[in-house]
Amino acid sequence: MSSSVPFTIPSVSGEVSDAVVKVLDSGWITTGPQTAAFEQEFADHLGAAHVIAVASCTTALELCLRALDLPPGSAVLTPSLTFCGAINAILHAGLRPVLVDIDEDTLVPSPDTVAAAAGRCAPAAMIVQNQGGYPVDVPALAEAAGLDRTRVVEDAAHGPGAGRDGRPVGSESFAACFSFYATKNMPIGEGGAVASSDQEFADRVRAMRMHGMSKDSWKRYLPGGSWRYDVKTVGLKANMTDVQAAIGRAQLAALPGWQEQRAEIVAAYDEALRGLPGLVLPQRNLDGVQHAWHLYQVRVKDRDAVSAQLEAAGVATSVHFIPANQMTAYLEIMGAEECAQVPVTDRVGEELLSLPLYPGLSADGRDRVVSALTEALRTRS
């Protein structure tokens with residue numbers, strides 16, 4: 001049956017349609033003035049020195065890893081509880097993923113699990129992920145890995161709205177990668193961005209997002225511009241268009257209100273679900289932490305059967321994520337020994353279930369989720 005409560009519905013600002021029409025009428029729809037304006041506005045929102053808009057968070061991760069100019073085959077630490085795009089970015093950059101286990105309470109790596117993974121290799125870099133919107137402690141994890149902050153790439157796909165000690169994720173990062181995919185807190189449909197505190201690194205990523213060209217089309221075709229350009233480093237075709245950027249500017253203005261709605265839904269879930277037998281709510285140390293609440297991830301035994309029962313009751317759910325070490329391609333590439341290094345991820349990964357969480361979720365829809373989950377757990381107690 002079709003779900004009466006979908007897992008997610010993208011939030012769209014009422015200003016988006018007019019913004020897109022203006023771009024289409026302008027005669028310039030690829031990377032240009034709207035992209036530049038979006039980059040500045042997102043940088044201001046984060047408090048970041050530099051923002052580079054790109055095609056996706058996956059390409060952002062790959063661009064950052066390539067911009068580090070590491071020797072081919074260098075080891076890059078990464079959680080296994082992550083989206084496959086992060087692993088692909090490492091491999092596409094010609095590097096070697098080394099898996100890091102998680103802390104089962106926060107669902108992100110801890111200094112201990114990072115140190116254990118680093119002990120199996122000599123890591124040249126690390127990807128850290130803000131799982132579900134929980135902002136990781138980057139300095140602590142970098143120290144555990146024995147890495148300088150300039151070798152840490154933050155996967156902040158779930159990060160808009162998150163922060164630590166009053167500082168937004170990405171505000172002081174050497175490299176933080178954001179996603180604007182359709183399901184994210186600030187959806188554009190597709191798109192991503194890199195935030196960086198380092199001018200040289202940002203310039204390198206900016207050139208690499210457009211094949212490594214010294215000037216993009218907008219700069220070449222401005223009055224007084226020249227068709228002549230150079231390619232000083234090998235890059236990708238990974239730019240954002242002005243149509244996407246115009247959508248992003250409208251969405252960014254609406255983001256604070258959407259984040260408030262997410263927090264209200266989370267508080268209601270916490271109150272209604274706390275104490276239910278067989279259910280583990282999202283655990284987090286909230287001291288100094290501002291959670292973005294991209295996901296509301298609970299843990300249940302017999303997860304697949306619970307998910308199926310919720311679907312039968314008209315409530316859609318999802319799982320974030322199937323651990324990378326369980327994927328056929330990565331098992332073949334990394335080998336069975338490496339893929340066996342994340343036992344907590346394997347155990348917890350079988351219990352994770354993401355409940356509907358989006359600004360448009362009504363109180364009635366939320367109550368239906370709670371009722372369906374409560375009934376599913378009751379039948380198993």
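This is a predicted model: local features need pLDDT of at least 70, side-chain atom pairs count only at pLDDT 80 or more; totals for chains, interfaces and linings use all residues.
Eight nonpolar, 5 polar and 4 charged residues make up the lining of the largest cavity. About 150 Å³ of space lies in the largest cavity, and 17 residues line it, of which Asp105, Thr106, Leu107, Pro282 and Gln283 are the closest to its centre. Strand 12 (residues 296–300) gives the largest share of this lining, with 3 residues.

Rolling a probe the size of a water molecule over the atoms shows where empty space is left. In this structure there are 2 cavities of 30 Å³ or more. The second largest cavity has a volume of about 40 Å³. Its lining residues are Thr8, Ile9, Pro10, Ser11, Ala182, Thr183, Lys184, Asn185, Pro187, Arg262, Tyr358 and Pro359. By class, that lining divides into 6 nonpolar, 4 polar and 2 charged residues.

The largest pocket has a volume of about 600 Å³. It is lined by 31 residues, and Phe83, Tyr181, Thr183, Lys184 and Phe321 lie nearest its centre. Helix 3 (57–67) and helix 4 (84–92) are the elements that give two or more residues to the lining of this pocket. The classes in the lining of the largest pocket are 15 nonpolar, 12 polar and 4 charged residues. Thr183 and Lys184, named here among the residues nearest the centre of the largest pocket, also line the second largest cavity.

Phe321, another of the residues nearest the centre of the largest pocket, has a backbone feature of its own: the peptide bond from His320 to Phe321 is cis, with omega near 0°. Phe321 sits in the loop between helix 10 (303–312) and helix 11 (328–334). Most residues other than glycine have a negative phi, and most peptide bonds are trans.

The second largest pocket has a volume of about 390 Å³. Of its 22 lining residues, Val138, Pro139, Glu154, Glu172 and Ser173 are the closest to the centre. At least two residues of this lining come from each of helix 6 (138–145), strand 5 (152–156), strand 6 (163–164) and strand 7 (167–168). Helix 6 gives the most, with 3 residues. Sorted by class, the lining of the second largest pocket has 10 nonpolar, 5 polar and 7 charged residues.

Strands 6 and 7 lead on to a sheet. An open sheet of 3 strands has the order 7-6-11, and its pairing is antiparallel. Strand 7 and strand 11 (289–290) stand at the edges with a single partner strand each, so one side of each is left without a neighbour in the sheet. Strand 6 is joined to strand 7 by 2 bridges, and the two run antiparallel. Gly163 stands opposite Pro168 in strand 7.

Strand 5, which also supplies residues to the lining of the second largest pocket, belongs to another sheet. This one is open, with 7 strands in the order 1-9-8-5-4-2-3 and mixed pairing. Its edge strands, strand 1 (50–54) and strand 3 (96–100), each pair on one side only. Neighbouring strands of the sheet are turned by 20° against each other on average, direction ignored. Towards the strand 3 end of the order, 5 bridges join strand 2 (residues 75–79) to strand 3, and these two run parallel. Ala75 stands opposite Arg96 in strand 3. Helix 5 (residues 111–118) packs on the sheet, where it touches strand 2, strand 3 and strand 4 (125–129), and its direction makes about 140° with that of strand 3.

The last topic is the aromatic rings. A pair of aromatic rings is described by the distance of the centres and the angle of the planes. A search of the whole structure finds 8 aromatic pairs. One of them joins Phe38 and Phe42, whose ring centres are 5.9 Å apart and whose planes are at 10°, so the pair is stacked. Both residues lie in helix 2 (residues 33–46), 4 residues apart, about one turn of the helix.

Conventions:
Residues are numbered from 1 along each chain as its sequence is written. Side-chain values use heavy atoms; hydrogens and water are left out. Two strands pair if DSSP finds at least two bridges between them. Axes are lines fitted to C-alpha atoms, for helices over the stretch in contact, and angles run from 0 to 180 degrees between N-to-C directions. Contact means heavy atoms within 4.5 Å. On a 1 Å grid over the protein atoms alone, a cavity is a set of points where a 1.4 Å probe fits but cannot get out, and a pocket is an open set with protein on both sides within 12 Å along at least five of seven lines; lining residues have an atom within 4 Å of a point. Grid points are joined across faces, edges and corners, and a volume is the space filled by probe spheres set on the points. Ala, Val, Leu, Ile, Met, Phe, Trp, Tyr, Cys and Pro count as nonpolar, Asp, Glu, Lys and Arg as charged, and the others, Gly among them, as polar. Rings of Phe, Tyr and Trp (its six-membered ring) pair if their centres lie within 6.5 Å; planes under 30 degrees apart count as stacked, over 60 as edge-to-face and the rest as tilted.
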